[in-house]
Amino acid sequence: MLTLLRFTRYAAATLLATMLAATVAQAGDYLSFNAGEYDTIRQDHTAAQFGVEYRFDEIEYGFHPMVGAYITSRDAKYAYAGFDWAVALLPNRLYLMPSFAVGAYSKGNGKDLGGTLEFRSGIEVDYQFDNAQQFGIGLNHLSNAGIYKHNSGVEEVMATYSIPISTIGSWMGR
């Protein structure tokens, strides 16, 4: 009986350590670069899209603040701030990341979304490499949620590569 009790405690401690390791492996600030297609579903103003995003370390329960911006090949621009939520599907490897942001949009020669204030909701699946860098594929929807008379919305499909800030610091000799 004593051996079974020790085994149970050992198994519980191992499980707890594994869960904590999964959180730590995804922790830290990231600089993310993305590229993809703007207006990918309706395709009446399709364009290439390029952006950058700063993803801050977890604040609580897997939530990460983020700020970012992108530009399209039709000169549409969007700068935003919000949160994503990293849900570990496979600890230290695969993450599902729903997100929400609010920001300022300028249509350039792109799609008229109705106004400057626009909301972005999205979902991304990220694979984390052994060096903590991540590659992901995401789908976002951008619209004004009906606060303006015109609300056409737009969808974006993007590939994202995220690099831990600590890695960038080591490249620079810090």
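# Notebook: strands, salt bridges and rings

I started at L96. Outside the four places on either side of it in sequence, L96 touches W85, A86, V87, L89, I123, E124 and V125. Contact here means heavy atoms within 4.5 Å. I noted the ground rules: this is a predicted model, where local features need pLDDT of at least 70 and side-chain atom pairs count only at pLDDT 80 or more, while totals for chains, interfaces and linings use all residues. Residues are numbered from 1 along each chain as its sequence is written, and side-chain values use heavy atoms, with hydrogens and water left out.

**L96 again.** I found L96 in strand β6, residues 94-106. L96 is partly exposed, at a relative accessible area of 28%. On this scale buried is under 20% relative accessible area, exposed is over 50%, and partly exposed is in between (1.4 Å probe, protein chains only). I looked up the spacing to E124: 28 residues in sequence, 5.9 Å in space, C-alpha to C-alpha.

**The whole chain.** I listed two helices and nine strands. They are DSSP runs numbered from the N terminus: helices are H or I with at least four residues, strands are E with at least two. The order from the N terminus is α-β-β-β-β-β-β-β-β-β-α. Of the 174 residues, 36% are buried. Taking contacts between residues at least 6 apart in sequence, I read that 52% join residues at least 24 apart. The chain exposes about 9600 Å², and carbon and sulfur atoms supply 68% of that. Accessible areas come from the Shrake-Rupley method with a 1.4 Å probe; for residues, only the protein chains shown count as cover.

**Salt bridges.** How many salt bridges does the structure hold? I found 10. The rule asks for a side-chain nitrogen of Lys or Arg within 4 Å of a carboxyl oxygen of Asp or Glu. One of them joins E53 and R120, at 3.6 Å from N to O. E53 lies in strand β2 (residues 47-55) and R120 in strand β7, so this pair ties together parts 67 residues apart in sequence. Both E53 and R120 are buried.

Next I checked R55 and E124. Their closest N and O atoms are 3.0 Å apart in a salt bridge. R55 is in strand β2 and E124 in strand β7, so the pair ties together parts 69 residues apart in sequence. R55 counts as buried at 7% relative accessibility. E124 is buried too, at 10%. I then traced a network of salt bridges that links E53, R55, D84, R120, E124 and D126.

**Two positive phi values.** Most residues other than glycine have a negative phi. D75 has a positive phi, near 70 degrees. I placed D75 in the loop between β3 (63-72) and β4 (77-85). At 35% relative accessibility, D75 is partly exposed. Its side chain meets that of K77 in a salt bridge, 3.0 Å from N to O. K77 is partly exposed as well, with a relative accessible area of 36%. A132 also has a positive phi, about 75 degrees, and is not a glycine. A132 sits in the loop between β7 and β8. Is A132 buried or exposed? At 18% relative accessibility, A132 counts as buried.

**Rings.** A pair of aromatic rings is described by the distance of the centres and the angle of the planes. I used this rule: rings of Phe, Tyr and Trp (its six-membered ring) pair if their centres lie within 6.5 Å; planes under 30 degrees apart are stacked, over 60 edge-to-face, the rest tilted. The count comes to seven aromatic pairs. Y70 and Y78 have ring centres 5.8 Å apart and planes at 50 degrees, so the pair is tilted. Y70 and Y78 are both buried. Y127 and F129 pair edge-to-face, 5.1 Å centre to centre with 80 degrees between the planes. Y127 is partly exposed, at 35%, and F129 is partly exposed, at 34%. Ring pairs also link Y70, Y78 and Y80 into a cluster.

**Nonpolar patch.** I41, I123, Y127, F129, F135, I137, L139, V157 and Y161 make a nonpolar patch of about 750 Å². Strand β8 gives the largest share, three residues. L139 is in strand β8 and is partly exposed, at 37%.

Definitions and conventions:
Patches are made of residues with over 30% relative accessible area and no salt bridge: like charges are joined within 9 Å, nonpolar side chains (Val, Leu, Ile, Met, Phe, Trp, Tyr) within 5 Å.
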